[in-house]
Amino acid sequence: MSRIVFALLLCVACLAKPAFAQDVVPQTKTQIELTFAPLVKKAAPAVVNVFTRTVVKERPASPFFDDPFFQQFFGGGQPRERVQNSLGSGVLVRPDGLIVTNNHVIAKADEIRVVLSDGREFPAQVISSDEKFDIGILKIDTKGEALPTLELKDSDDVNVGDLVLAVGNPFGVGQTVTMGIISALARTNIGVGDYGYYIQTDAAINPGNSGGALISTDGKLVGINTAIYSKTGGSIGIGFAIPSNMVARIVDAEATGAKLVQPWIGVSGEALTADIAVSMGLPHPGGVVVQQVYPMGPGDRGGIQPGDVIIGVNGKAVGDPGGLRFRLATQKIDAAATINVVRRGKTLDLPVHLIEAPEDPPRDETALTGEQPLNGTVVVNLSPAVSDELGIGEWKGVAITKIRRGSYADQVGLEPGDLLIKINGQEMASVDAVVAAVAQPADKWSLTVGRNGQSKTIEVR
């Protein structure tokens, strides 16, 4: 009996105990209502819909037109024209009608139209388009009217876990706002652009959102929505946005009329993996292990040495070669940058003067023809500028830049970006050497090519 009384007294004590703050029922409208409506009302007018129209020529789908016998009479069939429409989004970044979108939204378009959030429609002109960064700049004629814009935020100030909103035109249904958080930063190697360094978000991004805005809770642009990871074509919570700092670099170049040139420091290397970190006695992976330094280049003059681990640029962390390319791309030519490196356990800050990659020797781009296995390829002399364009860590030699579809080189598995190291045992140091080598008749051919730091030999009869 006493146990029952004690239990009842204990329950009464529990009821009499004051509730914790999180258990209190909301009493005011402010406590009950959480809304992003004022933020959306401010930011949404600066996000536009982008519609493109492209005329595509297609040959009739018949196996007879691929037969040489029929081609000599019918010429392979007359190509038919088909109109291809696509949609995307864009962001107004200047009141005079300058719009940032994705390059893949406007690439090869014959006609581009922009629709504002209030329904007004304008023809748009392409000011610049950069495939490497997947950014395109459009301009509409506002007749002097100042349009609403989004202010760019320093994307280095955002953190994983920050709330963000994605604004765009998914599937063409009209302007749509979704909410999420920043899931990760500094994502590279996702297969979009050559200078990828993306903000990852779980805010729903779908086809049509490309080129739209990713905004922070203070109403500023932190990124341009660019891509999603999906097996179905729809959002599964893994989206990627180009950081606003990269957008600012391109917009500034356009505003000043300057050519967008990527700074070059003359070093190449590989990511510091866990295995490499252990072998070098470093506590953790992350960074770029310098393998080569261009003689008398900016990095060499600044004191960078093979074996150094680059961990940052101007104090901003670098996790891999993609991160290093991005950090350098946000800097300007002829500016000074501080390259943060680790050398034998000590951290050093090395001043490096940023320059444009030199094209020495001249590229001498040449299409190869004739009865030989490289017929249908285009080759160039390597230089720092060409290597930077192709993403190759070698500065000397000969590289393949183009391969005609269906050619023998295509059939044996050669790819653009491959290095031509040897032909029939002869070293290929220049385009002239390649032209001379393939001009010599041979019953069989031996091609030694390099790809991703490895070489292989292909025997051709």
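## Basis of the description

Because the model is predicted, local features need pLDDT of at least 70 and side-chain atom pairs count only at pLDDT 80 or more, while totals for chains, interfaces and linings use all residues. Residues are numbered from 1 along each chain as its sequence is written, and side-chain values use heavy atoms, with hydrogens and water left out.

The structure holds two aromatic pairs, where rings of Phe, Tyr and Trp (its six-membered ring) pair if their centres lie within 6.5 Å, and planes under 30 degrees apart count as stacked, over 60 as edge-to-face and the rest as tilted. In one of them, tryptophan 264 and tyrosine 294 have ring centres 5.3 Å apart and planes at 70 degrees, so the pair is edge-to-face. This pair links distant parts of the chain, 30 residues apart, with tryptophan 264 in strand β14 (residues 263-264) and tyrosine 294 in the loop between β16 (288-293) and α8 (298-302); helices (H or I, at least four residues) and strands (E, at least two) are DSSP runs, numbered from the N terminus.

The rings of tyrosine 294 and tryptophan 395 also have their centres 5.3 Å apart, with planes at 90 degrees, so the pair is edge-to-face. Here the partners are 101 residues apart, tryptophan 395 being in the loop between α10 (384-390) and β24 (398-403). Tryptophan 264 and tyrosine 294 are both buried, as is tryptophan 395 (buried means under 20% relative accessible area, exposed over 50%, partly exposed in between, with a 1.4 Å probe and protein chains only).

## Strands around β25

Strand β25 (residues 419-423) pairs with strand β27 (residues 445-451) in the antiparallel sense over four bridges, a pairing that requires DSSP to find at least two bridges between the strands. Within this pairing, leucine 419 has glycine 450 of β27 as its bridge partner.

β25 also pairs in the antiparallel sense with strand β26 (residues 426-427), over two bridges, and lysine 422 stands opposite glutamate 427 in β26. The hairpin of β25 and β26 has two residues between the strands, and asparagine 424 takes a positive phi near 50 degrees in that hairpin.

## Partly exposed leucine

Leucine 163 is in strand β8 (residues 163-168) and, at 36% relative accessibility, counts as partly exposed.
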